[in-house]
Amino acid sequence: MTRRGIRAAVAVPTLGVLGVVLFWGLSGLPPFGNYHGIYGFLINHRALPQRHTTNAVTATVFDYRGFDTMGEEFILFAAVTGVVLLLRKGSEESDEAESEDQEPPEDDVRSDALRLFGMLALAAGALVALWLIAYGLVTPGGGFQGGVALASAFGLLYLTVGYRPWTRRTKEAALDPLEGVGASGYVVIGLAALISGLPFLTNLLGPGKPGTLWSGGSLSFINWAVAMEVAAANLILYKEFLEEYIVPLARRGG
Amino acid sequence: MSWLLPLPVAIPLLTAAGIASVKEIAPRRVLDATALAAAATATAFSLVIMVDTQNGDVLHWFGAWRPTGGVAIGIDFAADPLGAGLAALACGLVTLALLYSWSYMQEATRLFDVLMLVFCGAMAGFALTGDLFNMFVWFELMGVAAYALAGFQVEELGPLQGAVNFAITNTAGAYLILIGIGLLYARTGALNLAQLGRMLAGHPADRLVIVALTLVFIGFLVKAAIVPFHWWLADAHAVAPAPVCVLFSGAMVEMGIYAVARIYWTVFSASFDHSADVRNLLVWLGVVTALVGALMCFLQRHLKRMLAFSTITHAGVMLVGVGLLDPKALAGAANLVLSHGLVKGGLFMVCGLVLLRLRAIDELRLHGAGRAIPWWGVLWAAGTVGLIGVPYVGVFLGHALIDDGATVRGISSVQPLLMIAEAVSAGALLRVGARVFLGWGPRDDPLLTPEPPEEPPERDAAVTPMAVATTLAIAVGLALSVTPGLEHRAEHGADRFVDRSAYVAHVLHAAPATHEPRLPFTVEPASEESWAYGLAALALAVATAAFGLWRHRLPELLRSESARVLRPPLEIVRAAHSGIVGDYLLWLTVGTAVIGGVWAITLR
Amino acid sequence: MNFLAFGVAGWICLVGFYGAIVSKNLIHLALCLTVIQSSTYVLLLSIGYRKHGTAPIFKGVKLGTTAVDPVVQSLTLTDIVISVTVIALILALALDAHKKSGTIDPDQLADFHG
């Protein structure tokens, strides 16, 4: 039997036992729909009065548990750093791949209809993304969601227009500082509070007017910092992975 | 002084983001110096926090969200002597590693500094936090930085295997932790450690709590490289650059052990109340880990992989210290973490220099070549002696306290087993020292597993920063057993660590700190039993090294008979370390199923 | 219906582990890890559900209406970001492995063993 076959044969009964233990534990959970935890209850009742934020989830993510989000933002930052490191160093032709004067393939989209659609869709997508970010404190949305949507909207540029316009508009020199500013912005906002004698990440600005763009005080700034970082990080990721695909294609004359 | 608490996390992270933004424009040395300064600052702040905790736990509520009516709404950092000490150790090792890599990682990109600083901040956050999900976030950040650092020398194939195995197994472990956190949140509605402990107290442990305990512990034991979850450690260490290995073995593995201790004592101790079943399983897992680590350590010829298995041995001993569920043993584990971290870090730094100067990392290929670098041979010997447990040197204090704890709990059979494991792994290191730096022993040994070679760094690196960092690490590590007052403070710190009700009162109800006793600055004499074990370990280590070097001089009959008996099990253990990630994941599920099943039956 | 949501989460987790153990392809392995992660999302969100609860958004909704738990949603959000990043790293490693050795079969990538 192959090694994989032996693994499969052992895995099935093992996962069976694990499943029994797991389901046994899960059966001790409170019945579905009957959750009465105090934490969520408190936040639901206090997010609006205390933080003037109608979206309790965003209030949790960026304020009550804002320190977690700082760590999470840095996870994204570190992972993107790691991916850049692995893909750039791992590429044997790394010198040529990094140079933007390298001839990208001739894959510009020829159909005008497609290009037009692409630009419109990009504009619409970017607007929706910005709305998600800006109004994330009021209705569903937030920095993370909007940031990813923004990056994906820009991804349309590659899909519907071509590789060269894509590389022209997503230069590392612009994305790296954006990502850095977004990440460090979060820490700076926290430190600003610390320097004023309050605990880290305390809201220094007033609570703001609920239901508007600037509700929540420093919450909105943290929101935008995160959105900037997430969008830049995602764009860097797309760039790196795309380069892995495009450059060998160009070399093969594809 | 609670305003200090976020700084060991904020400063490294901010500096990392800053370096990443300007790395194309600023000169390399400026960035290196900034990174070193940031790590050193974080270390300094952690030490100040540790001193401050002598007067009571230091608390910091982020966003000023203090608990209302005994319910925590925000996230807190709650530093106690052991946690702050661990944070200081982690930041200190990062500082030493960055000093070392000032010249060792010359041609590396500045992304190395960025990742190291992120790693530093994450470890400090993990050790200081008082919130379970916050612990998980720092755990993942630590992991991501570590995966990237392990695969750093990505020009070769080996680092990819090491990084892939590391990333996949630890991520799977992290998901188990998350399921456990979900279960605990469902039961208690809390994520704060103190509040979890308060909500779970007073109710006997039922099925949900038992499974949550299993999943959370196993996830952290994967990080702590405990059998049967330890397979990834040797693969990762074999390929990561030496300064990164310093951090992996010195601080990252220990974070897993710390998490098990912290979560047990703060969250679960009331529900399980020193349960003998929890204790027995953890202690025996630790013993098996120590023995397997020692065996595999002896069978290696790749220096870094050998040191990795030695780390696994010591991680097993640390788990015994924690798993005995006793404050004295816990103090011993804390001391062991401290001394082992520094000494092992120093040994990895010696490895790095050996690779740089002698252009090989294989014990047999290096035969006698170390005579050209005698000072480093002295450092290697000093470090190895520090790991044996010779009285008053290095890890001795940790072992003595763990042994005392084992006697108190009535599980004295672990002491000889742990002594054997430690001695055998140290004996393997002595064997390496003798073969490489003295040229003793034959040039070939079919018992040892050959591994692929490693690409050495640029030849013209300046040695001074490396020498300074290594000497500091080993010297401080060795001296820890005779540091005045350390034993008392460790024991007192452990007593506070296990006091759940005091922790809950302080964190949730802002109870004022009780008056802390003034502790003496003396070195306690060791008991006769500890002397006996220490000297026996030394003898056994020397015997093991001699066996390794001059085995071929034993009578032929003795050798062939013992080979016939011992070879099959040896080969099975060796073959199990296959390097294949599917096997590792299978072991993870087998381990979880078995441990879960055992606890489900015995703790019900 | 009571146990169904939690049971589904458990089942997804087990299936994900099985797929990861017998995987022939690093990219498939990374996606199996994503499957395991999805099981944690399902578990967390099912835990937070309250019968007849609305989303925890209070614009135009009276404060005090029953709403589902927002904390598990924030935990899930953090979870998703973590998952994306780790999978990206593993995929980058898989790409590099393919470039170096021509294979992405995890069983073939075992230079260091014993």
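Student: What span should the 18 residues of helix 1 of chain C have, and how far apart are its end C-alpha atoms?

Tutor: Keep in mind that this is a predicted model. Count 1.5 Å a residue, taken one time less than the number of residues, and helix 1 of chain C should span 26 Å. The computed distance agrees with that, since its end C-alpha atoms are 26 Å apart.

Student: Which element gives the most to the side of chain C that touches chain B?

Tutor: That contact takes 40 residues from chain B and 35 residues from chain C. On the chain C side, helix 1 (4-21), helix 2 (26-48) and helix 3 (70-101) each give two or more residues. By class, this side has 22 nonpolar, eight polar and five charged residues. With 13 residues, the top giver is helix 3 of chain C.

Student: Over in chain B, is Leu307(B) buried or exposed?

Tutor: Leu307(B) sits in helix 12 (residues 303-323) of chain B. Leaving out residues up to four places away in sequence, Leu307(B) touches His237(B), Ser249(B), Lys344(B), Leu347(B), Phe348(B) and Cys351(B). The cut-off for the label is 20 or more other C-beta atoms within 10 Å. Leu307(B) has 29 of them, so Leu307(B) is buried.

Methods. Residues are numbered from 1 along each chain as its sequence is written. Chains are lettered from A and ligands numbered from 1 in the order in which they are written. This is a predicted model: local features need pLDDT of at least 70, side-chain atom pairs count only at pLDDT 80 or more; totals for chains, interfaces and linings use all residues. Helices (H or I, at least four residues) and strands (E, at least two) are DSSP runs, numbered from the N terminus. A residue is buried if 20 or more other C-beta atoms lie within 10 Å of its own, exposed if 12 or fewer, and partly exposed in between; C-beta atoms are placed from the backbone. Two residues are in contact if their C-beta atoms, placed from the backbone, lie within 7 Å. Ala, Val, Leu, Ile, Met, Phe, Trp, Tyr, Cys and Pro count as nonpolar, Asp, Glu, Lys and Arg as charged, and the others, Gly among them, as polar.
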